[in-house]
Amino acid sequence: MRLLLLVACVAACDADLQRMVDQPHFTSYEACSICPEGTIMMMPPPGTVGRDGEEASLGAGRSGPDGFVQTIPIELDTAVLARGRNRFDIYCAACHGRLGNGISQVAENMTLRKPPNLIGPPYTTYPPGRVFTAISEGFGLMRSYASELPVRDRWAIVAYLQALQLSQNVVLRELPQPIQQEAQKWLK
Ligand code: HEC
């Protein structure tokens, strides 16, 4: 008898829960004629601090409807580049190679679409926001890395990728004299 009651209760609770799921509701970006921005969800006001303590404005790689952010919005120094290198080596190098040149064990074995060489064209002309967006949202076959990489880490990777593009394509005689001499030693 007790068991019967329990089963009846579970069945009833189940029905109630279903009513909650089925009730009329809006989805996040659904159009809404009486909302100030025309959609149910609104953009956070400028300067909003997100849950992970980052300014919301840093989290956008896009600007305008089809443009990308043209400059890296965080201050850059060697510590940021070192962080970018560390994160790149952990999260990107497995596919894109430690030099970003697309040479990796994974690339060798990927048949559908190989991870591209990120230090050559067209990637050298990509605005920083486009690379940031690829990390945040994923791109084609590549998944998003937003859950592993907070926004500052993503920008640090974008900066490090620029450093890779520069360092891997640099013309020796354009380097400052002492660095040229140092580089010559390694090139022998
Ligand atoms: C598991 C393999 C893999 C990993 C890890 C990976 N990528 Fe990719 N990436 C790809 C593949 C494959 C593509 C091409 C996707 C396509 O064209 O469908 C790609 C494309 C890209 C592009 C081109 C986007 C565009 O707009 O053309 C960029 C930039 C990029 N990856 C950066 C990164 C960065 C930065 C990381 C680390 C946070 C990373 N990737 C991690 C496989 C990977």
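## The cysteines

Cys 32 and Cys 35 are both buried, where buried means under 20% relative accessible area, exposed over 50% and partly exposed in between (1.4 Å probe, protein chains only). They form a disulfide with their sulfur atoms 2.0 Å apart; a disulfide is a pair of cysteine sulfur atoms within 2.5 Å. The structure holds 1 disulfide. The torsion about the S-S bond of Cys 32 and Cys 35 is about 75°, so this disulfide is right-handed.

What about two other cysteines? Cys 92 has 15% relative accessibility and counts as buried, while Cys 95, at 26%, counts as partly exposed.

## About the model

This is a predicted model, in which local features need pLDDT of at least 70 and side-chain atom pairs count only at pLDDT 80 or more, while totals for chains, interfaces and linings use all residues. Residues are numbered from 1 along each chain as its sequence is written, and side-chain values use heavy atoms, with hydrogens and water left out.

## Thr 133

Thr 133 sits in helix 5 (residues 128–137); helices here are DSSP runs of H or I, at least four residues, numbered from the N terminus. With 5% relative accessibility, Thr 133 counts as buried.

Leaving aside residues up to four places away in sequence, Thr 133 touches Gly 61, Arg 62, Phe 68 and Gly 138, contact meaning heavy atoms within 4.5 Å. Thr 133 and Gly 61 are 72 residues apart in sequence, yet 5.1 Å apart in space, C-alpha to C-alpha.

Technical notes
Helices (H or I, at least four residues) and strands (E, at least two) are DSSP runs, numbered from the N terminus.
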